[in-house]
Amino acid sequence: MKKSLLLLLVCLVLVTPLFAGGASETKQAGPIKIWAWDPNFNISIMNEAISRYQAKHPEATFEVVELAKADVEQKLHTNLASRTKEGLPDIVLIEDYNVQKYLTSYPGQFADLSSAFNYNDFVGYKADVMKLDGKYYGVPFDSGVAGFFYRTDLLKKAGFTAQDLENITWDRFADIAKEYKAKTGQYLIANDKSDGGLFRIMLQSAGSWYFDNEGKPALVNNAALMEAMKLYKRFVAEDLALPSNGWNEWVGSFNSGKVASVITGVWIIGSIKAGVDQSGLWAVAPTPRLSLDKSVNASNLGGSSWFVLQNGANRDKAIAFMQEIYGNDKGFYQTILMNNGAIGSYMPAFSGDAFKALDPFFGNKAIFTDLSRWASMIPKVNVGQYTYEADAAVMAVMEDYYNGKTTLEQAVKSAENQLKNSIQ
Amino acid sequence: MANEKRLDRIGWYFITPACVLLLFFIVYPIFFSLYLSFTSTKGIVSQFVGVKNYLRMFGDPMFFLALENTFRLLLIQVPIMLLLSITFAAILNNKSIRFRGFFRTALFLPSVTSLIAYSILFKMLFSYDGLVNNTLIKLSIIDAPLQWMSEPRLATFVLVIAMIWRWTGYNMIFYLSAMQNISEDLYEAASIDGSSKVHSFFTITIPLLKPIILFTTVMSTIGTLQLFDEPMNLSQGGTTASMIGPDNCFLTLSVYIYNICFKYTPNFGYAATVSYAILIIIALLTFIQFRLSGDREEAMRKTLERKGGVR
């Protein structure tokens, strides 16, 4: 009997630590923890913000954790869904298309910052992204203002001047791509026909999205969407875009000079400048618009914003830090523009000197003056919380639409059915 | 008797920790996910919806696409792989082959590589300017590089090749060890009776391998139905792309579950429903496989008994 008691004790001793885990650690404030992705952009910018803050508040400590974007999202989901308060950061970066998803899925988990910032100071569409039931939950960060970046030398050879490329429609763009290819035998642009990037640029330029203002799927009879699908099909049918697979091939296509232009968010500038031998040969025009009345030559792709966790031990310190740098410090925005090519969403900073600087890489033009002007023209859209569901639903029907198995109307309809099914 | 009981009790103490862990980490999740599959969740907002998730699943084209992709892989990959495994095992079981140890190790080695590492390796091999395209061009088999990873059929082919490379050796080991358990006497007796090597293989080796063939088939079926790492890593954009593989050809059921949980608005309830669908499919397939082989084994035993071969 004694022996068995002893055994039982041994078993207990062996098992208890398994359950004692997290409970024994006492909660300490510690450093302000931050999760983000992309060391050359978000992380580097956050480190700049921290060093500016610490210059005035030497007692503040930070811990910046660099993760892959998918990992940030997955960790955030699992931690929030399990309702644990340990293991979460104080500040986290969330892509704009995903913001509403987090806000509505995890109510009460993100700090309400409505009174901490003056949201009129931020670019309108960015502030809207983080608005839920009249409250603002985040700090708008980088803008994904779209630009039509092109090689002046290559287009000149094909007989196109800068005026030919300013404020054009996508149809005109396709005509130019066709003419360019006929004259040079090269592609004007690279595009992955199953990537939704250009799609979203086209949609937002018309103030349209996959959803209506109530967040209901709005694919059928969506003029902007159907026009965008027609354009994608035209690019495939007339072979106007170099097929590219994945980020590296895509960046390689313009770095190597295989294609003469790229239309995407401003964050691409860093990658364009990686082709150092092409300095002075680039220029930027406004993104093309759709042939619809409401479409303008300004749009957006991507971009993300910072969020403070409601239940973090450092919540108030984190908010104070974000207020002082992201909501006040114009100099900070000048620095990140120069160092990282990041256009923030804080409009008072747009008048700063860095925005007027002439960029030798872009033929000594003040490209950021233009880009920030276009940024303030971007139509507001309600991206809702199901952008990726919609993206997947639309792309899933494109192949059949490309090869003529379905008509445009049928394709849109089956995409909407899929979308409705996946968001119930 | 008393001693036996005491031993019994001590035995129970020994397995208690394992049982407790099993209870917490296997049994509880199984029942909890069953409950989850009757709820619709959006992060931490959850509501009980009864069988609505199951109805939704039957009207979900994406689910059926994933099911179709998974079964396509299952039907192509598993038979080829198992045939290869059994062939290699038979060859390497032949004592007259030189460097047997080397070949065994070489064939088994792929299965110790990490799933992610080998997926990325194959992605590189079959990339547009990768080794495979370059070699094929040098050998003048093709004129222009093939778009392996952007054409659904080619991409499926790459995935199948990769999985065969990774898992053939693993299954071969099971066959090899089973073959070594077959008594030499049987072969000797058969050859004295005038049976050829090939004939012996089909009448002695294969019948005696039945339980192992069943085991590997069941395991491979389960493995393929849960396939996740390879398609996820082979597909270009991974979690951010609009599609998993060209024209969604890598969208397997497990990838779809991942998307429901982490890429789309997290609906853990519906994800649990889809995992239960996998469970039911696996259970059904396993049942069928057991029945098929069980019946045949029974029949085989009876014939052998009649012939006086096996007791």
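Which residues in α2(A) meet which residues in α13(A)? From α2(A) come Ile45(A), Met46(A), Ala49(A), Ile50(A), Arg52(A), Tyr53(A) and Lys56(A); from α13(A), Ala320(A), Phe321(A), Met322(A), Glu324(A), Ile325(A) and Tyr326(A). Contact means heavy atoms within 4.5 Å. The residues of this contact divide into 10 nonpolar, no polar and three charged. Ala, Val, Leu, Ile, Met, Phe, Trp, Tyr, Cys and Pro count as nonpolar, Asp, Glu, Lys and Arg as charged, and the others, Gly among them, as polar.

The model is predicted: local features need pLDDT of at least 70, side-chain atom pairs count only at pLDDT 80 or more, and totals for chains, interfaces and linings use all residues. Residues are numbered from 1 along each chain as its sequence is written, chains are lettered from A and ligands numbered from 1 in the order in which they are written, and side-chain values use heavy atoms, with hydrogens and water left out.

Helices (H or I, at least four residues) and strands (E, at least two) are DSSP runs, numbered from the N terminus. An open sheet of five strands runs β2-β1-β3-β12-β6 (chain A), with mixed pairing; a pair needs at least two DSSP bridges. Because β2(A) and β6(A) stand at the edges with a single partner strand each, one side of each lacks a neighbour in the sheet.

| Helix | Residues | Strands touched | Angle |
|---|---|---|---|
| α2(A) | 39-56 | β1(A), β2(A), β3(A), β12(A) | about 175° with β2(A) |
| α3(A) | 69-81 | β1(A), β3(A) | about 115° with β3(A) |

Terms used. Axes fitted to C-alpha atoms, helices over the stretch in contact; angles between N-to-C directions.
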